[in-house]
Amino acid sequence: YLPIILAGVVYGPVYGGVAGIVQDLVGFFLFGIAHGYAFHPGYTLNAALYGILPALLIRASIQGERKLFHVLNYVAAAVLLGLSTWYFFDIDAVYSRTLDASAKLLLSGFALFAALGIAALNFLMRKAGGRFQPSKLIFAVVAMYALTSLFLTPLWLFSVNPGYSIWLNLPLRLLKMPIEATLYVLILLPDLNVFDKLDRPS
């Protein structure tokens, strides 16, 4: 979803939404059909939202937004840190068909440090300026991941397979969330900084 977020944030939500739809459809026709997957419009919606919602959020002007998003990011980091710590000490609550106990323990440890990383990035970038505010970007990535990975994708999986347990698989998704969100932010921040510098008049 990284190119989709970049397209939306840099060029606007319309371009971002189109980029998401095109990427999902091209990916399905190139790889999905070959592997026997059935088309599901829900995943196309996920991709489109990654191009639309972060762009709308970052472009929106909200009174006191710098302080607001810093606080929200700390709250999100604290929640993710708490959940990662909980599952680290209760690893049996994390269900996975492919990971053994050691791998799940390692994953929860990475999730714990990634949650701390979100808080650290939020602190270090608190005074950063530019067209793309880091605090808004961090919040946009975390919020989008929560919406798509924790809510929408499980619904699409359940709609295809009613035997899929949303609650049973939720802990594993929660552990992946801070890791992937932190990686997204670490990649997006320098990329957007480059676009910001290129867009400035010489």
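Figure 1. The mean positions of the 13 positive and 9 negative charges lie 9 Å apart. Lys and Arg count as positive, Asp and Glu as negative; His and the chain ends are not counted. Each charge is placed at NZ of Lys, CZ of Arg, CG of Asp or CD of Glu. In this predicted model, local features need pLDDT of at least 70 and side-chain atom pairs pLDDT 80 or more, while totals for chains, interfaces and linings use all residues. Residues are numbered from 1 along each chain as its sequence is written, and side-chain values use heavy atoms, without hydrogens and water.

**Figure 2. Lys104 and its surroundings.** Lys104 sits in helix 5, residues 101-124. Helices are DSSP runs of H or I, at least four residues, numbered from the N terminus. Lys104 is buried (under 20% relative accessible area, 1.4 Å probe, protein chains only). Lys104 has no salt bridge (a side-chain nitrogen of Lys or Arg within 4 Å of a carboxyl oxygen of Asp or Glu). Asp92 is the nearest side chain of opposite charge, 5.3 Å away. Leaving out residues up to four places away in sequence, Lys104 touches Ile91, Val94, Ser96 and Leu99 (heavy atoms within 4.5 Å).

**Figure 3. The helices of the protein chain.** The chain has seven helices and zero strands. Its C-alpha atoms fill a box of roughly 55 × 40 × 25 Å along the principal axes. Buried residues make up 44% of the 202 residues. Of the contacts with a separation of 6 or more, 77% join residues 24 or more positions apart.

Methods
Helix = DSSP H or I, 4+ residues; strand = E, 2+ residues; numbered from the N terminus. Buried < 20%, exposed > 50% of the residue type's maximum accessible area, 1.4 Å probe, protein only.
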